[in-house]
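The following report describes the architecture of one protein chain, from its overall surface down to individual residues. Please read it alongside the sequence and the three-dimensional view.

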Amino acid sequence: MNDQAPAIEVNDLTVAYRDKPVLWDIDVQVPRGVLMAIVGPNGAGKSTLIKAMLGLVRAAAGQVLVHGRPYAEQRKLVAYVPQRGSVDWDFPTSVLDVVMMGCYGSLGWLRRPGKKERDAAMAALGQVGMQDFAERQISQLSGGQQQRVFLARALVQNAGLYLMDEPFQGVDAKTERAIVTVLQQLRAAGKTVVVVHHDLETVPEYFDWVLLLNVRRIGMGPVDEVFTEENLRLTYGGRVPFLQRRNGHLEGTKPVDDVRRPDASMAAD
């Protein structure tokens with residue numbers, strides 16, 4: 001492992017669906033130890049970028065490196081939290097079993113989890129406030145509780161890099177606060193966390209890095225430098241939420257209807 005390499009390095013990445021570009025010539029370098037939001041309008045390619053990093057969608061061109069090496073060689077360093085809506089929550093299994101699935105990367109599929117893995121899973125459930133639900137069937141959980149279970153499954157992997165696709169979508173305020181606390185704890189522990197995020201208002205509060213994306217990379221870097229009115233105007237078009245600058249900070253929302261969105265009408269998120 002290259003200790004000097006970025007957590008993620010994406011070079012010249014292009015992804016197309018039915019010959020129409022979803023991501024076009026993307027270059028991204030994510031430093032280690034940051035909590036980064038990927039932000040952009042619907043159809044900007046945010047989820048596609050995460051999936052391309054993981055090899056879940058085929059790239060037409062480009063390369064993705066994790067800690068300086070191809071993802072296929074670094075799988076054990078990466079934990080992934082997919083969108084909750086992509087999972088069959090009617091599958092008959094318990095909360096504890098779902099979380100212990102995160103151990104299979106280190107165990108291998110032929111070994112069964114034991115006491116060590118069970119203890120680690122319970123500790124991860126404790127981090128997200130779900131230890132009392134360990135024996136509950138996942139189908140009996142609320143949406144916010146399900147999202148916490150998915151986060152616990154990622155935590156038990158003890159990864160160096162966490163990729164999360166809309167972890168705050170459809171959760172209540174209590175769950176959102178709990179998730180943010182865990183993400184900030186991961187950053188404090190030196191982990192790198194990359195989150196597809198849709199709420200512009202909370203970007204300055206939750207994150208220290210941001211990638212502004214709309215098929216192409218619009219801007220990337222520390223929130224204080226990149227999350228600016230000019231860059232947001234380049235990222236969003238039409239009547240969209242836009243942050244107002246007050247006392248030197250971007251806050252509040254108002255519609256903007258005097259900007260053009262990049263040519264992304266064919267894109268899929």
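The accessible surface of the protein chain comes to about 13300 Å², and carbon and sulfur atoms hold 44% of that area; accessible areas come from the Shrake-Rupley method with a 1.4 Å probe, and for residues only the protein chains shown count as cover. The model is a predicted one, in which local features need pLDDT of at least 70 and side-chain atom pairs count only at pLDDT 80 or more, while totals for chains, interfaces and linings use all residues. Residues are numbered from 1 along each chain as its sequence is written, and side-chain values use heavy atoms, with hydrogens and water left out.

**Overall composition**

The protein chain has 269 residues, of which 50% count as buried, where buried means under 20% relative accessible area, exposed over 50%, and partly exposed in between (1.4 Å probe, protein chains only). It contains 9 helices and 12 strands, these being DSSP runs numbered from the N terminus (helices H or I, at least four residues; strands E, at least two). Among contacts between residues at least 6 apart in sequence, 67% join residues at least 24 apart, a contact being heavy atoms within 4.5 Å.

An open sheet of 6 strands has the order 6-7-8-3-9-10, and its pairing is mixed; two strands pair if DSSP finds at least two bridges between them. Strand 6 (78-81) and strand 10 (216-222) stand at the edges with a single partner strand each, so one side of each is left without a neighbour in the sheet. From one strand to the next, the twist averages 15°.

Within this sheet, strand 3 (residues 35-39) has 5 of its 5 residues buried, so it is largely enclosed by the rest of the structure. In a regular strand the side chains alternate between the two faces of the sheet. For strand 3 both faces are covered, with Leu 35, Ala 37 and Val 39 buried on one side and Met 36 and Ile 38 buried on the other. Opposite Leu 35 stands Val 193 in strand 8, and opposite Val 39 stands Leu 212 in strand 9. Trp 209, in turn, stands opposite Pro 222 in strand 10.

| Strand pair | Sense | Bridges |
|---|---|---|
| Strand 3 and strand 8 (residues 192-196) | parallel | 4 bridges |
| Strand 3 and strand 9 | parallel | 4 bridges |
| Strand 9 and strand 10 | antiparallel | 6 bridges |
| Strand 1 (residues 8-17) and strand 4 (residues 61-66) | antiparallel | 5 bridges |

Asn 214 lies in strand 9 (residues 209-214) and is buried, with a relative accessible area of 0%. A polar atom of the Asn 214 side chain lies 2.8 Å from the backbone oxygen of Thr 235.

**The four-stranded sheet and helix 1**

A further open sheet, of 4 strands, has the order 2-1-4-5 with antiparallel pairing. Its edges are strand 2 (20-30) and strand 5 (69-70), each with a single partner strand, so one side of each is left without a neighbour in the sheet. Helix 1 (residues 46-53) packs on this sheet, touching strand 1, strand 2 and strand 4, and its direction makes about 115° with that of strand 1 (axes are lines fitted to C-alpha atoms, for helices over the stretch in contact, and angles run from 0 to 180 degrees between N-to-C directions). Between the strands themselves, Thr 14 has Ala 61 in strand 4 as its bridge partner.

Helix 1 is mostly covered, as 7 of its 8 residues are buried, among them Lys 46, Thr 48 and Leu 49. Just after helix 1, Gly 55 takes a positive phi of about 75°.

**Nonpolar cores**

A nonpolar core is a set of buried Ala, Val, Leu, Ile, Met, Phe, Trp, Tyr and Cys residues joined through side-chain atoms within 4.5 Å. The largest such core has 50 residues, of which Met 164, Phe 168, Leu 183 and Val 210 touch the most other members, and helix 5 (residues 143-155) gives the most to it, with 6 residues. Not counting residues up to four places away in sequence, Leu 183 touches Leu 35, Leu 151, Met 164, Phe 168, Val 193 and Val 195. A second, separate core of 30 residues includes Val 15, Leu 23, Val 66 and Met 220.

**A buried loop residue**

Thr 93 is found in the loop between strand 6 and helix 2 (95-100), and is buried, with a relative accessible area of 9%. Leaving aside residues up to four places away in sequence, Thr 93 touches Val 98, Arg 136, Gln 137 and Ile 138.

Technical notes. A polar contact is a pair of N or O atoms within 3.5 Å; within protein, one must be able to donate a hydrogen and the other to accept it, and residues adjacent in sequence count only if both atoms are side-chain atoms.
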